[in-house]
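Biologist: Hi, I'm new to this one. Could you walk me through it?
Modeller: Happy to, here it is.

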Amino acid sequence: MQHYSPYEIIEGNPANGLVLLADHAMNRLPPEYGKLGLPDSAFTRHIAYDIGVEPLTRELAAALDAPAVLGCFSRLLIDPNRGEDDPTLIMKISDGAIIPGNHPITDEEWENRLNRFHRPYHRAVSETIARAAAAGGKAPLVISLHSFTPAWKGVARPWHAAVLWDNDPRAVFPLIERLEATDDIVVGNNEPYDGALRGDTMYRHCMTPGIAHALIEIRQDLIAEPAGVAAWARRLAPILAELNGLPTLHDYQRHPSRTGACDD
C-alpha cells in the first residue's frame, strides 16, 4: 500500500493569527480504492469535492501569509466536515449517485477510513491552530472555505457567496458587512445551508474552544476557472486581513451551540 497523505499544510506565518481550512479541497482517492465503483465524471462534480476551493485557498494563503490545511481526499471516501457519529460521514448515495464502494461497508473499513483519513486531517487542523495560538500568543481567527452549486434540484441559487455559522457572531457580522459593501453581490446568511452542524469542523475546532471563526461558501461557477479564483482572492484577501486586525476576534469566548451544549 502506497503512502497517502490525507492532508496538506501550507505553512504561512503562524504568528499572523489567521488560519485557513479547506475540508473538501481535493477529489483524490488512494489507488487501492479505485473510483469507488463510480465513473470518472463523478469526480468532476460537487459530490466529490468543493470546486474551486483548492486554488482559492492557495491564493489566499499566499496573499495573507497564512497557514492553511487542505483535505487531500474526496468527500466520497469519508467527509472530514462531519462528526464521527454523523450518519452522512460515509455516503451511500450523493445527489442521485449511488456509491458502490461505500455500500456495503464493514465496521472494520469504516474504522480504517477514520484512522487513515478523517482523524489525521483533524489532528493536522488542531496542530495548525495550536501553532498559530502559540506563535501569536492569542486565539487565531479561523476561516473555512467551501463552495456550493449554482442550482439545486433545478432551482437557481441567487447568492454569489454565503457565510455559514452556528452561534458565535464575532467574525460573521463584520464579514457579511464587508462582503456586501464590496460591490453588487448577493450574500447568504446561513443560506443555502445552516452552519450549525454538531461535530463538524467549525464545531470541533472553533465552537468548542471558543475561537472566532466563519465558514465562507462561494458559488462554484464563480471560481471554476482561474480568472474567477483570482477575482475572489482579490476580493477576500483585504477583507480577511481587516478582520484579522480586529482585537475582538482574537479572544477565547465560548458561545452555546444551537445544536446543544458544546463538548468539553
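This is a predicted model: local features need pLDDT of at least 70, side-chain atom pairs count only at pLDDT 80 or more; totals for chains, interfaces and linings use all residues.

Biologist: Which residues of α1 are buried?
Modeller: In α1, V53, L56, T57, L60, A61 and L64 are buried, where buried means under 20% relative accessible area and exposed over 50%, with partly exposed in between (1.4 Å probe, protein chains only). Seen down the axis of α1, these buried residues fall within an arc of 130°, so they line one face of the helix; the arc is that of the directions from the helix axis to the C-beta atoms. Helices (H or I, at least four residues) and strands (E, at least two) are DSSP runs, numbered from the N terminus.

Biologist: What do the buried residues of α1 pack against?
Modeller: Their partners include β1 (7-10), β2 (18-22) and α5 (226-244); contact means heavy atoms within 4.5 Å.

Biologist: And which exposed residues are on the face turned away?
Modeller: That face of α1 carries A62 and A63.

Biologist: New topic: which charge lies over the face of W232?
Modeller: R235 does, at 4.2 Å from the ring centre. The rule is NZ of Lys or CZ of Arg within 6 Å of the ring centre and within 35 degrees of the ring normal.

Biologist: What about F43?
Modeller: K35 lies over the face of F43, 5.1 Å from the ring centre.

Conventions: Residues are numbered from 1 along each chain as its sequence is written. Side-chain values use heavy atoms; hydrogens and water are left out.
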